[in-house]
Amino acid sequence: QVQLVESGGGLMQPGGSLRLSCAASGSMFSINAMGWYRQAPGKQRELVATITSGSSTKYADSAKGRFTISRDSGNNTVYLQMNSLKPEDTAVYYCYAAIRRTLYVYDYWGQGTQVTVSS
């Protein structure tokens, strides 16, 4: 089985910074991509940022210029550095990974970590 374990959420004032981490473990052949999604109360889950095995990145417009996604391939870990946080960034943040196991690629999700931006 594969597990994604997130850490780093919490309460932060507007303008502050947080760093989320997500480590993948378990039986896997390779990780094609990892990323972060978020879901605010009453809203659908939305993309925040993704990074491929080739280090290509994609960001939501709301994250561009403020958030940076990176990965440590050796440790199967992805990070999300969030700067200049705004109240509208408040959400549960979910780690995502597209992982190849034998012939197929499967999607995996973490349990979610709460990020609250408030004064």
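Is Trp109 buried, partly exposed or exposed? Trp109 is partly exposed, because its relative accessibility is 38% (buried is under 20% relative accessible area, exposed over 50%, partly exposed in between, with a 1.4 Å probe and protein chains only).

Before you click on: this is a predicted model, where local features need pLDDT of at least 70, side-chain atom pairs count only at pLDDT 80 or more, and totals for chains, interfaces and linings use all residues. Residues are numbered from 1 along each chain as its sequence is written, and side-chain values use heavy atoms, leaving out hydrogens and water.

**Stop one: the rings.** The structure holds four aromatic pairs (rings of Phe, Tyr and Trp, its six-membered ring, with centres within 6.5 Å; planes under 30 degrees apart are stacked, over 60 edge-to-face, the rest tilted). Select Tyr37 and Tyr96: their ring centres are 5.8 Å apart and their planes at 70 degrees, so this pair is edge-to-face. Tyr96 is buried at 14% relative accessibility, while Tyr37 is partly exposed at 21%. Ring pairs link Tyr37, Tyr96 and Trp109 into a cluster.

**Stop two: Arg45.** Select Arg45 and find its charged end over the ring of Tyr94, 3.7 Å from the centre (CZ of Arg or NZ of Lys within 6 Å of the ring centre and within 35 degrees of the ring normal). Arg45 also lies over the face of Trp109, 4.7 Å from the ring centre.
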